[in-house]
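Here is a short briefing on one protein chain.

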Amino acid sequence: MAEVIALVDYGAGNLHSVENALRKVGAAVKVTADPDVLRAADRIVLPGVGSFGACAAGLRAEKGVIEAMHERVFVGGAPFLGICVGMQLLATRGLEHGETAGLAWIPGEVRLIRPRDDSVKVPHMGWNDVAPTHQAEDHPVIEDGEAYFLHSYHFHADKGRDVLAMTDHGGGLVAAVGRDNLLGVQFHPEKSQAYGLGLLSRFLEWKP
């Protein structure tokens, strides 16, 4: 039987594009905000587009969703992928338009990008390198390549060991975080052509 991938629908994700990309690499996708579906899923993908605060509010407004995700990921051990703001929500807090609590699954905070060079524009938009850190040396999902980014805020992890990849935009920015069965990517795999589809394919095969 094919594994079921739960794509969390909380009104704040680029759902259609992410769903299409997952289906393109062979995933059986259920777009859902049903806690029972999340508890039964083999893998969970949390997308996110927009501001940290709006996404956090949208997720919290879906009754039982955060609790079901937590149970499935931390008790059940299901592999989890957060995309863009879905990755940022793993942090302890976000500082976009005030302070907003995140899921606190990976300690850190989401801050405004402040390039060292004034000529470097924010948001960070377009294709850029994904450079795995030494922590990701044997990671089966994260690989060196180029991906599509679009963000003005970035994940600042409390612990370097949680950073799996970096990119550069007027200074180093975290491109991927993770530990155990958790993975988050700042870039958009669904917009990253062959590199993005490869990453999603590896996520489907990942057995942490």
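Cys-55 counts as buried because its relative accessibility is 1%. Buried means under 20% relative accessible area, exposed over 50%, and partly exposed in between, with a 1.4 Å probe and protein chains only. This is a predicted model: local features need pLDDT of at least 70, side-chain atom pairs count only at pLDDT 80 or more, and totals for chains, interfaces and linings use all residues. Residues are numbered from 1 along each chain as its sequence is written, and side-chain values use heavy atoms, leaving out hydrogens and water.

**Cysteines**
- Cys-84 is buried too, because its relative accessibility is 4%.
- The closest cysteine sulfur to that of Cys-55 is in Cys-84, at 8.2 Å, so it is too far for a bond.
- The whole structure has 0 disulfides (pairs of cysteine sulfur atoms within 2.5 Å).

**Fold**
- The protein chain has 6 helices and 13 strands (DSSP runs: H or I of at least four residues for helices, E of at least two for strands).
- Its C-alpha atoms fill a box of roughly 50 × 35 × 30 Å along the principal axes.
- Of contacts between residues at least 6 apart in sequence, 70% join residues at least 24 apart (contact: heavy atoms within 4.5 Å).

**Burial and charge**
- Buried residues account for 53% of the 208 residues in the protein chain.
- The protein chain carries 19 positive and 26 negative side chains (Lys and Arg positive, Asp and Glu negative; His and chain ends not counted).
- The centres of the two charge sets lie 3 Å apart, with charges placed at NZ of Lys, CZ of Arg, CG of Asp or CD of Glu.
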